[in-house]
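This briefing sets out selected features of the structure shown below, grouped by topic.

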Amino acid sequence: NTTIRNNVVHAVYSSNGAELYGILGSGGTAGSGTGLLIYNNMVYDLQNTSTTGNAAIEGMCLWSNVNNQIFYNTVYLSGTGANPQGVDALALYTSVTNTTLRNNIFVNFYKQVGGFTPTVLWANGIFTSDYNDLLVDTTLANSYTAHLGTTYYRTFSNWQGAGYDPHSVSEMP
């Protein structure tokens, strides 16, 4: 039952091989976090120059949380790097269930050199997503989404065809 709202997170840099999060909601152990309300936040200009360890960039990330609401946020990722664990505008990791994403803008124009494919949304949990603006630069080999860590959707129409974001758009805001 935590609220994260009205924040601007920018100009955050890392070089030591650790993961870099703009906003992180972590329940600790599987499903122990509950009821996050995350709204009206802006995250941009995150850079992790490490090429080793768990180096990743996550604009927003939830880990082991249930019953979450993510509304009216903007995440814009850009830059170039060799982050071995990838770059995601929003990541929903282990034991994230019953999460609703609405009216967000998630953009990933990060150019990944090696490692995992950058995505707008990396989801390893159960969620509902609609009325968002989701955009990646697919010329950089980025993907719109990865679901359950196995299926990458390279186009927005493929993502919608899988039953997600039926009323969402993919436009530069």
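M60 lies in strand β7; strands (E, at least two residues) and helices (H or I, at least four) are DSSP runs, numbered from the N terminus. The model is a predicted one, in which local features need pLDDT of at least 70, side-chain atom pairs count only at pLDDT 80 or more, and totals for chains, interfaces and linings use all residues. Residues are numbered from 1 along each chain as its sequence is written, and side-chain values use heavy atoms, with hydrogens and water left out.

- M60 counts as buried because its relative accessibility is 2%; buried means under 20% relative accessible area, exposed over 50%, and partly exposed in between, with a 1.4 Å probe and protein chains only.
- The C-alpha atoms of M60 and Y144 are separated by 15 Å, and the two residues are 84 apart along the chain.
- Strand β7, which spans residues 56–63, gives the most to the lining of the largest pocket, contributing three residues.

**The largest pocket**

- The largest pocket holds about 210 Å³ of space. A pocket is an open set of points on a 1 Å grid over the protein atoms alone, where a 1.4 Å probe fits, with protein on both sides within 12 Å along at least five of seven lines. Grid points are joined across faces, edges and corners, and the volume is the space filled by probe spheres set on the points.
- Its lining comprises 13 residues, and Q85, D88, Y93, F116 and W122 lie nearest the centre; a lining residue has an atom within 4 Å of a point.
- By class, six lining residues are nonpolar, four are polar and three are charged. Here Ala, Val, Leu, Ile, Met, Phe, Trp, Tyr, Cys and Pro count as nonpolar, Asp, Glu, Lys and Arg as charged, and the others, Gly among them, as polar.

- D88 is found in strand β10 (residues 87–92).
- A polar contact of 2.6 Å joins the side chains of D88 and T119.
- The polar contact is a pair of N or O atoms within 3.5 Å; within protein, one must be able to donate a hydrogen and the other to accept it, and residues adjacent in sequence count only if both atoms are side-chain atoms.
- W122 belongs to strand β13 (residues 119–123) and is classed as buried because its relative accessibility is 15%.

**Positive phi in loops**

- N40, in the loop between β5 (37–39) and β6 (42–48), has a positive phi of about 55° although it is not a glycine. With a relative accessible area of 43%, N40 is partly exposed.
- N103, in the loop between β11 (97–102) and β12 (105–112), also is not a glycine and has a positive phi near 55°. N103 is partly exposed, at 34% relative accessibility.
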